[in-house]
Amino acid sequence: MKNDGKYRLGFPQSVHVCLPEGCRAIKGKGFDTNLQQILDAEILPLAEEFDQKLNDEMVYETRLQTAADNFIAAASKLPRVSGCFPPCGFQILGAVYNCITCLYDSCEFPLDCPVEEIDITENSRSRMWCKVPFDLPNDVEVIWRFAEEVKTQEMDQFKEVTAGVDTLYSIPSTSLHHQGTYQCEIFSGSRSIVRLYYYISVTPQLVAGHTELQEIFDLSLLPGGQLLPAPGASPRSFLLLLPSLLTTCLTFSLLLLFLSLWVLIWMLKSEHNHPAEDSDEEEDLDV
């Protein structure tokens, strides 16, 4: 007889034999045949004999209990496929059926997931997804909350921001006042399924720009006046480029030298012409 996903054979009440439909499913593909063979060998022959009432009920009590124990022991040795996805969330759809207790074992994970840290530069877009790796019921509700400036999982520090079915929370232009912890809680009816946390750390744009320039400057100043090769370039390719770089630097230096000499000659010629002009003016004054 099928009852709540379980098959309970019509044995005497003192013999507890539970053959769940779910027990067959959680073993995984490829092991259905093994379970059927164990069932056929240990349980079904006695069940058919009992149904035909060939003997008194009390005769089968010990035999049936022994057969049930043998089935459970053999089935438990088969590999089990768990539907649980760590590290958090109430995962009712991933619960594993226990063939010994005839109950579904919960995944036993906490509702609160670890806090995920996100570093964002000021004025850039922030996106957070309220998604989990396990299956969810169809009637879910998503609530987003925010605790300004602090990194926390304490419920009393959060204020509700939005409620609905949207699993994406987006901030088009992140400001300094957006820094803090964001909580996403998924409900099914009145039951909380999981709570995800994101801590956003906002770096001011001016500081980010200064840091980037400082990193470029530090990389360009290597000890001993060495040149910095291109990212991903091999040392051999850098050595091949070295003569061209030296030639370019030498050419540029010579151009500066010639330019300096030309300016110096021009200045000397100017000084040489000025005394002649001064003497002509003095002669005109004497006349």
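Predicted model: local features only at pLDDT ≥ 70, side-chain atom pairs only at ≥ 80, totals over all residues.
Residues are numbered from 1 along each chain as its sequence is written, and side-chain values use heavy atoms, with hydrogens and water left out.

One of these links joins C84 to C107, with an S to S distance of 2.0 Å. The torsion about its S-S bond is about -85°, so the disulfide of C84 and C107 is left-handed. It connects distant parts of the chain, since C84 sits in the loop between α4 (57-76) and β4 (96-98) and C107 in the loop between β5 (103-105) and β6, 23 residues apart; here helices (H or I, at least four residues) and strands (E, at least two) are DSSP runs, numbered from the N terminus. C107 has 10% relative accessibility and therefore counts as buried, a term that means under 20% relative accessible area, with exposed over 50% and partly exposed in between (1.4 Å probe, protein chains only).

A disulfide is also formed by C88 and C113, whose sulfur atoms are 1.8 Å apart, and with 85° about the S-S bond this link is right-handed. Because C88 lies in the loop between α4 and β4 and C113 in strand β6, the pair ties together parts that are 25 residues apart in sequence. C88 is buried at a relative accessible area of 6%, and C113 is buried at 8%.

C130 and C184 are joined with an S to S distance of 1.5 Å, and the torsion of about -75° makes this disulfide left-handed. C130 belongs to the loop between β7 (126-129) and β8 (140-148), whereas C184 belongs to strand β11 (residues 180-188), 54 residues apart. Both cysteines are buried, C130 at 2% relative accessibility and C184 at 0%.

Strands β6 and β11 lead on to the sheet, an open one in which five strands follow the order β6-β12-β11-β8-β9 with mixed pairing; two strands pair if DSSP finds at least two bridges between them. At the edges are β6 (112-121) and β9 (159-164), each pairing on one side only. Strands of a sheet pair through backbone hydrogen bonds, either parallel or antiparallel. In this model β6 and β12 (residues 191-203) run parallel and are joined by eight bridges, and T121 stands opposite T203 in β12.

Definitions and conventions: Disulfide = S-S within 2.5 Å.
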